[in-house]
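This report describes selected backbone, packing and surface features of one protein model. The sequence and structure are shown first.

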Amino acid sequence: MPRLFREPIPKPNAPRAGSGGVAAADLARRRVRIMPGPVSGRALAGLLVALSLSQGALAGERAKAPSTERPDYTAAEIAAARPEGLPASVRIAGDDVTAFQALIDGAARASDPWLVLSGGGENGAFAAGLLAGWAERGDRPDFGVVTGVSTGALIAPFAFAAPTLGAKAEAALKQNYTGISAADVFEFGGTRDSLTDTWPLKDRIARAVTPALLKAVAAEHAKGRRLLVATTQIDSERPNLWDMGAIAARNAATGDPRALALFRSIVLASTAVPGVFPPVAIPAEAQAGPKTRAIEELHDDGGAMAPFYLAPAAVLEGEARLHLPTDRVYLVVNNRLEPEFQMASRTTLSVLGRTMSAAIKAQTRAALALTKAYAGRTGLDLRVALIDGRFTKTSERPFDQPYMQALFAHGEALGRDGSAFVQTGSAVHSPAAAGARENRRASEAAGAVTASR
C-alpha cells in the first residue's frame, strides 16, 4: 500500500507530534470573524485570516522542512504513465475529447440523466441535503453518469452507489455535512507545500471510503453507469478524469489495496485547494524504454481547472463535437454567485482571501454561462440548482456546523418539494430546441466528432 495510507493517524483535534501545528478547534475558539460568501470563498478567506493570526505563534516551532526534490520525469512519460499497479484506462486527460468519447461510449447507461456536482467546500451540505430530499420525494433518477469536483468528489460516490446502498448513502452524506467542524477537515500549521495540513480529512475519507463502499460502486459500474471525479495534475497543468467505478471494480474483484488507496487519494486530491491544502502524491509507473520506473505525480483541486465537469472544455466552447448520449443533465452548484460586501483588513492574507472569493465566483459564473450556451446550441435539457436568495444564513467560521446543518435542511426541503432545479432556457421544449436536438443527433450520426486540441 502506498505510504500515504500506511502512516498512523493521530487522534482527531490533536496536533501531530512534531508538526508544530495548531488544531483548527483551538483557533475556532478565538472567534475569528469569517467573511460571508460562497463556501470556497468563505472557507478560504477564513482559513487565510486565521492563518495570519497564527503565523507568529507558529514561527520557529516547525522542524526543518524536508527536501522538496522529486524524481524527474518528462512530459512524454507523464502522458503515458499509469497509476501504480492499475491499468492506464482508469483515467483520461479531462481535456481529451476523443478519450472522453470512448469512455462514455463504453457506458451502456450513459443515455440516462446525468448528475454534475460542483466544488464548494462546506457548501456541499446543499447538494447532500438536496439529494436526501429528492430521494425522499421518490423520483430521483439512477443517474447514468455522476461527476464530482472538489466537495462534489466527496458526495459523488454516495450519490452513485445509492441504488445499492439505499438509505445508508443519504445517512452517510448527512453525517459528513452536518456532523463535522473545521477540526475534522484541517489543522493549522503548514506543511512543506501548503498553509494547512488536512490529515483530519484524510482520516475521515479513510473511514468513509471502505471496501464496502467500493463494492457498491463496482456493482453500479457493472450496470453500465459511470462515476467520474476530476483532479488537476500539477506538473502537466491538465485536468485528469478518473473512472472511479473501474478502480472500485479492481478492488472488489481482487482485493488489491492499491485500488482502495488510489480511490481515497483521488477524493482527497480533488478537494485540495492549491496552496491552502497540501497536494496529494499519487504513485505511478512511467515507461522508460523497455522498463518501467516509479514516479510520484502531484494532484490537487479539480476546481482549479473548472468548478464542475460536464465535458471537455473544447466541447462546451464549440471548438469540438462529441456524442453526448443523454438529453438531460442535473447540475448542482454548491455556491452563491452574487457579490457580497465585506470589509477586508490591510493584510496580505485578508486581501488574498477576498480576491480569491471574487475569482471563484467569477469562474463559476463563466463556466455556468458556457454550459448554458452549450445546452442552448445542442438542445440539452440542463437543469441547474444553486444556493440563491432563498437561503440567507451566513457562517461565522470555516465549516461552521450550525450553518451546514441549516444549508442541508434547506437543500433537503427543496429536493423534497421539487423546487431545487431551474430549467435553463425557456425554449427547452420549443420547436427550435427540438430542432437543435435533431441537428445534434444528425451530426453525431454523420461522425462529426473532432479530436481534442
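## Residues with positive phi

Glu237 is placed in the loop between β8 (226–233) and β9 (238–243); helices (H or I, at least four residues) and strands (E, at least two) are DSSP runs, numbered from the N terminus. The model is predicted, so local features need pLDDT of at least 70, side-chain atom pairs count only at pLDDT 80 or more, and totals for chains, interfaces and linings use all residues. Residues are numbered from 1 along each chain as its sequence is written, and side-chain values use heavy atoms, with hydrogens and water left out.

The phi of Glu237 is near 60°, a positive value in a residue other than glycine. Glu237 counts as exposed because its relative accessibility is 65%; buried means under 20% relative accessible area, exposed over 50%, and partly exposed in between (1.4 Å probe, protein chains only). Phe399, in the loop between β13 (381–386) and α14 (401–417), also is not a glycine and has a positive phi of about 55°. With a relative accessible area of 10%, Phe399 is buried.

## Packing of α9 and α10

Helix α9 (residues 211–221) and helix α10 (residues 244–254) have axes that come within 8 Å and cross at roughly 120°. Axes are lines fitted to C-alpha atoms, for helices over the stretch in contact, and angles run from 0 to 180 degrees between N-to-C directions. The two helices α9 and α10 are therefore oblique to each other: angles under 35 degrees count as roughly parallel, over 145 as roughly antiparallel, 65 to 115 as roughly perpendicular and the rest as oblique.

On the α9 side, the contact (heavy atoms within 4.5 Å) is made by residues including Leu214, Val217 and His221, and on the α10 side by residues including Met244, Ala248 and Asn251. The residues of this contact between α9 and α10 comprise 9 nonpolar, 3 polar and 1 charged. Here Ala, Val, Leu, Ile, Met, Phe, Trp, Tyr, Cys and Pro count as nonpolar, Asp, Glu, Lys and Arg as charged, and the others, Gly among them, as polar.

## Asp197 and the chain as a whole

Asp197 belongs to strand β7 (residues 194–197) and is buried, with a relative accessible area of 7%. Between Asp197 and Pro278 the C-alpha to C-alpha distance is 6.5 Å, although they are 81 residues apart in sequence.

The protein chain contains 15 helices and 14 strands. Of its 453 residues, 54% count as buried. Among contacts in the protein chain with a separation of 6 or more, 79% involve residues 24 or more positions apart.
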